[in-house]
Amino acid sequence: EGKPIEVAWVGSVITGLVAPAGERWDELAIVKYPSFAVFRAYVESAAYEAEAVPHRVAALDDWRLLATAKLSTP
């Protein structure tokens, strides 16, 4: 598609609003894809299946709501 996948937002986690007591998160990121086609190609890839799907499945069962503060854009 020409445009790269980019990190759109990086934030430090202030606290867990819905999370087990004492659980600590450092940072989180939001990734921006240049198009749905690029995103779809990624989520249908073997790399995504191997690296991300186990985390997505776990997240559906054990999710969090986190308060964050934006860091500088990388």
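Ala67 belongs to strand S3, which covers residues 65–70; strands are DSSP E runs of at least two residues and helices are H or I runs of at least four, both numbered from the N terminus. The model is predicted, so local features need pLDDT of at least 70 and side-chain atom pairs count only at pLDDT 80 or more, while totals for chains, interfaces and linings use all residues. Residues are numbered from 1 along each chain as its sequence is written, and side-chain values use heavy atoms, with hydrogens and water left out.

**Overall architecture**

- The protein contains 3 helices and 3 strands, arranged from the N terminus in the order β-β-α-α-α-β.
- The radius of gyration of the protein, taken over C-alpha atoms, is 15 Å, whereas a compact globule of 74 residues would have one near 11 Å; the globule rule is 2.2 Å times the number of residues to the power 0.38.
- The C-alpha trace spans about 40 × 30 × 15 Å along its principal axes.
- Of contacts between residues at least 6 apart in sequence, 70% join residues at least 24 apart, a contact being heavy atoms within 4.5 Å.

**Surface and burial**

- Buried residues make up 9% of the 74 in the protein; buried means under 20% relative accessible area, exposed over 50%, and partly exposed in between, with a 1.4 Å probe and protein chains only.
- The protein exposes about 5800 Å², of which carbon and sulfur atoms supply 58%; accessible areas come from the Shrake-Rupley method with a 1.4 Å probe, and for residues only the protein chains shown count as cover.

**Charges and salt bridges**

- The mean positions of the 7 positive and 10 negative charges lie 8 Å apart. Lys and Arg count as positive and Asp and Glu as negative, without His and the chain ends, and each charge is placed at NZ of Lys, CZ of Arg, CG of Asp or CD of Glu.
- Side chains of opposite charge can pair when their charged atoms come close.
- The whole structure holds 2 salt bridges, each defined as a side-chain nitrogen of Lys or Arg within 4 Å of a carboxyl oxygen of Asp or Glu.
- Another links Glu44 with Arg40 at 2.9 Å, N to O; Glu44 is exposed at 56% relative accessibility, and Arg40 is partly exposed at 44%.

**Surroundings of Ala67**

- Ala67 has a relative accessible area of 21% and is therefore partly exposed.
- Beyond its neighbours within four places in sequence, Ala67 contacts Ser12, Val13, Ile14, Thr15 and Leu17.
- Ala67 and Gly16, 51 residues apart in sequence, have C-alpha atoms separated by 6.2 Å.

- Residues up to four places away in sequence aside, Tyr33 touches Ile5, Val38, Phe39 and Tyr42.
- Tyr33 and Tyr48 are 15 residues apart along the chain, and 14 Å separates their C-alpha atoms.
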